[in-house]
Amino acid sequence: MKEYNVAIVGATGLVGQTFIKVLEEYDFPTKEIKFLASSRSVGKKIIFKNKEYAVEELKEDSFRGIDLALFSAGSEVAKHFGPIAVEAGARVIDNSSCFRQDKNIPLIVPEVNFSDYKLNKLIANPNCSTIQSIIPLKAIADAFGLKRVVYSTYQAVSGSGQKGKNDLLRTLNGEKPEFYPYDISKTCIPEIDVFLDNGYTKEEIKMVNETRKILHLPNLAVSATCIRVPVLNSHGVSIMCETEKEASVEEVKSVLAAFENIVVLDDGKKHIYPTSIVANGNDKVYVGRIRKDLSCRNGLLLYCTADNIRKGAAANAVQIASRLAKLDEI
Ligand SMILES: NC(=O)c1ccc[n+]([C@@H]2O[C@H](COP(=O)([O-])OP(=O)(O)OC[C@H]3O[C@@H](n4cnc5c(N)ncnc54)[C@H](OP(=O)(O)O)[C@@H]3O)[C@@H](O)[C@H]2O)c1
């Protein structure tokens, strides 16, 4: 198989470190690899496939000879360096929200809309909560049609990067919060990303817009409430959806169980349902608590968990890259 020169941008961050782990686990065909971050990290050591590398500073000439650049260094870095990497000939997959709503840039969850990659050499990776929700929703949409979606999220502190994890550990130790506005060890916080004038947060609007774009349903009725919870890793999302066709709980369960990368865990009386614990460290989406919504005709309720750093970020990007490599489309 052809091998590729790879650059990891943001290699010292939570997502960047997980890119490295997932590239190794998936045995991505890597010829050479470089690890890029800010000037603060220059010289830090990274081990990849038993070889030691030093982190380099991200610069405009960093992408010479690079075939694949995996970005996880925030929107500002992506905005400036993403097009530079493409110009240098690289396929770029970016984890920030910078390009997600650009209509010329594909926003991809491989199980759902992989073929959109043809649109552009630069690909955006969706928001973590959207990725894990859109997989069961795609299964439901294909089988029964989709009219309306309401999300309530329970998002782990690792979704805020290393600063979020540090704040939970710090406050559990009895120290004052330095990152979140309240003591995350003692409360859920209904604020993720900045507040907008319409009373929603940017995270909530990301889920609305990204759901429509990935499912190719621009008029889908979607709403979201996003909550940060005192869990170290792996998000939970409660999903209420209304389908076009009526569907029994058993039909929904079998459609979900047959869909790629979904694991149905649904036997409440035996305490079998999705948890953050079962999702940690792997790339499946766990779905359970599947039942009829009592407030409308074709309404369904379900709850899903997934590792937000892996399936919600790094693994989703590496899965896109792996599929592209198989098609020789990097
Ligand atoms: N955490 C999640 O669940 C999640 C999920 C989906 C998407 N994302 C997105 O992925 C990105 C990274 O998130 P994270 O959680 O990994 O954050 P993080 O732990 O704070 O890491 C940020 C990374 O970006 C690098 N960086 C920052 N400014 C830079 C600059 N000017 N030039 C070069 N490198 C720079 C940092 O390098 P230094 O160490 O040198 O500062 C570090 O490697 C964000 O856009 C985030 O929204 C995160």
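User: Starting with the second largest pocket in this predicted model, about how much space lies in it?

Analyst: Since this is a predicted model, take the volume as a computed one. The space in the second largest pocket comes to about 150 Å³.

User: Which element gives the largest share of the lining of that second largest pocket?

Analyst: The lining includes Leu14, Gln17, Thr18 and Lys21, along with others such as Ser158, Asn233 and Arg310. By class, the lining has two nonpolar, six polar and four charged residues. The largest share, four residues, comes from H1.

User: And where does the second largest pocket lie relative to domain 1 and domain 2?

Analyst: The domain assignment of the chain gives domain 1 (4–126 + 313–326) and domain 2 (129–308). Both of them give residues to the lining of the second largest pocket, so its place is between domain 1 and domain 2.

User: How far apart are the C-alpha centres of domain 1 and domain 2?

Analyst: The two domains do touch: 22 residues of domain 1 are in contact with 20 residues of domain 2. As for their C-alpha centres, they lie 25 Å apart.

User: Now the largest pocket: which residues lie nearest its centre?

Analyst: About 1500 Å³ of space lies in this one. Its lining counts 49 residues, and the ones nearest the centre are Ala73, Gly74, Gly159, Ser160 and Gly161.

User: Which elements give two or more residues to the lining of the largest pocket?

Analyst: Each of domain 1 and domain 2 supplies at least three residues to the lining of the largest pocket. Sorted by class, that lining holds 17 nonpolar, 21 polar and 11 charged residues. The elements giving two or more residues are helix H1 (14–25), strand S2 (30–37), helix H2 (74–87), helix H5 (162–172), helix H6 (202–215) and H9.

User: H9 also packs against H4, so to speak; at roughly what angle do their axes cross?

Analyst: Helix H4 spans residues 128–144 and helix H9 spans residues 310–326. Their axes come within 8 Å and cross at roughly 85 degrees. That makes H4, relative to H9, roughly perpendicular.

User: How do the residues of the contact of H4 with H9 divide by class?

Analyst: From H4 come Cys128, Ile131 and Ile135, and they meet Lys311, Gly312, Ala313 and Asn316 in H9. Split by class, the residues of this contact are four nonpolar, two polar and one charged.

Methods: Residues are numbered from 1 along each chain as its sequence is written. This is a predicted model: local features need pLDDT of at least 70, side-chain atom pairs count only at pLDDT 80 or more; totals for chains, interfaces and linings use all residues. Side-chain values use heavy atoms; hydrogens and water are left out. Axes are lines fitted to C-alpha atoms, for helices over the stretch in contact, and angles run from 0 to 180 degrees between N-to-C directions. Angles under 35 degrees count as roughly parallel, over 145 as roughly antiparallel, 65 to 115 as roughly perpendicular and the rest as oblique. Contact means heavy atoms within 4.5 Å. Ala, Val, Leu, Ile, Met, Phe, Trp, Tyr, Cys and Pro count as nonpolar, Asp, Glu, Lys and Arg as charged, and the others, Gly among them, as polar. On a 1 Å grid over the protein atoms alone, a cavity is a set of points where a 1.4 Å probe fits but cannot get out, and a pocket is an open set with protein on both sides within 12 Å along at least five of seven lines; lining residues have an atom within 4 Å of a point. Grid points are joined across faces, edges and corners, and a volume is the space filled by probe spheres set on the points. Domain bounds come from an automatic or database domain assignment.
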